[in-house]
Amino acid sequence: MQDVNGSFPGDKKIIVVFVLGGPGSGKGTQCTKIVENFGFTHLSAGDLLHAEIKSGSENGTMISNMIKEGKIVPSEVTINLLQKAMLESGNDKFLIDGFPRNEENRAAFENVTKIEPEFVLFFDCPEEEMERRLLSRNQGRDDDNIETIRKRFRVFVESSLPVVEYYDMKSKVRKVDALKPIDEVFESVKAIFAPFHTKVRSSFILWMFSRCI
Ligand SMILES: Nc1ncnc2c1ncn2[C@@H]1O[C@H](COP(=O)(O)OP(=O)(O)O)[C@@H](O)[C@H]1O
Ligand SMILES: Nc1ccn([C@@H]2O[C@H](COP(=O)(O)OP(=O)(O)O)[C@@H](O)[C@H]2O)c(=O)n1
Ligand SMILES: [Mg+2]
């Protein structure tokens, strides 16, 4: 797409943080807190796919069947939804939650948008705990049943963890212990975002200074 390729009109740099972790590791929960504190726009790939099903789109049945099986929807579909949401937001800082989930997702996003993530926030959580959380999530999701959960765990280990390893090789992974209570996890998350926050603040101070002289 013309605009979401590293710069918005006016040449503003787009900042993307990929938020990864197994199903139920707390990605969505922590993203909500990051949005409140650091001014990012939260885009959950899974939520965008669910919204696409609800909208009655021609891809709806295919997406719905893949989610029920815990499979990963073709990148083209997900990337289109992400790009549209990025442009519509008007923001330039994004938390992309639950994406890239496999090598195809990763390579296609890079090729299409030319965006490199600032870093990858990775929530590390044991499977037993993720299973417990998903089974009591109560959001009416038809993929939060034990049969689909097991399939999602397998896809996570086989397809998503290699993406985390890819970014780890590039020293881009910021790993957080996600087993702790929500507020304690957020303390670790805040520490990771703090330098970034300072960077934004200091550029604002410089801008104010430049207006005064
Ligand atoms: N640190 C935590 N401790 C206990 N429960 C949590 C924690 N983080 C999230 N949860 C709960 O676990 C469930 C899954 O969290 P969610 O943020 O939806 O995970 P994800 O987006 O990674 O699948 C939700 O019901 C949420 O309230
Ligand atoms: N990049 C992505 C993200 C999600 N999905 C699909 O959407 C489902 C739910 O994703 P999600 O991110 O909302 O799930 P959680 O990890 O938040 O529990 C996945 O199991 C996949 O079937 C996908 O196909 N591609
Ligand atoms: Mg989620």
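Colleague: What should I know before reading the numbers?
Modeller: The model is predicted, so local features need pLDDT of at least 70 and side-chain atom pairs count only at pLDDT 80 or more, while totals for chains, interfaces and linings use all residues. Residues are numbered from 1 along each chain as its sequence is written, chains are lettered from A and ligands numbered from 1 in the order in which they are written, and side-chain values use heavy atoms, with hydrogens and water left out.

Colleague: Okay, strand E5 then: is it mostly covered or mostly open?
Modeller: Strand E5, residues 93–97, is mostly covered, with five of its five residues buried. Buried means under 20% relative accessible area (1.4 Å probe, protein chains only), and strands are DSSP runs of at least two E residues, numbered from the N terminus.

Colleague: And which way do its side chains point?
Modeller: Lys 93, Leu 95 and Asp 97 point one way, whereas Phe 94 and Ile 96 point the other way. In a regular strand the side chains alternate between the two faces of the sheet.

Colleague: Which strands are joined to E5 by bridges?
Modeller: Strand E3 (residues 15–21) runs parallel to E5 and is joined to it by five bridges, and strand E4 (residues 41–44) is also parallel to E5, with four bridges. Two strands pair if DSSP finds at least two bridges between them. As examples of partners, Phe 18 is bridged to Ile 96 and Ser 44 to Asp 97.

Colleague: Switching topic, which residues come nearest to ligand 1?
Modeller: Of the 15 residues around ligand 1, the nearest are Gly 24, Lys 27, Thr 29, Arg 137 and Lys 180, where "around" asks for a heavy atom within 4 Å. Helix H1 (27–38) gives the largest share of that shell, three residues; a helix here is a DSSP run of H or I with at least four residues.

Colleague: What about ligand 2, which residues are closest?
Modeller: Ligand 2 is surrounded by 19 residues, and the closest are Lys 27, Lys 71, Val 73, Arg 101 and Arg 152. A polar side-chain atom of Lys 27 lies 2.8 Å from an oxygen atom of ligand 2, and a backbone N or O atom of Lys 71 lies 2.6 Å from an oxygen atom of that ligand.

Conventions: Buried < 20%, exposed > 50% of the residue type's maximum accessible area, 1.4 Å probe, protein only. Polar contact = N/O pair within 3.5 Å; in protein donor to acceptor, adjacent residues only side chain to side chain.
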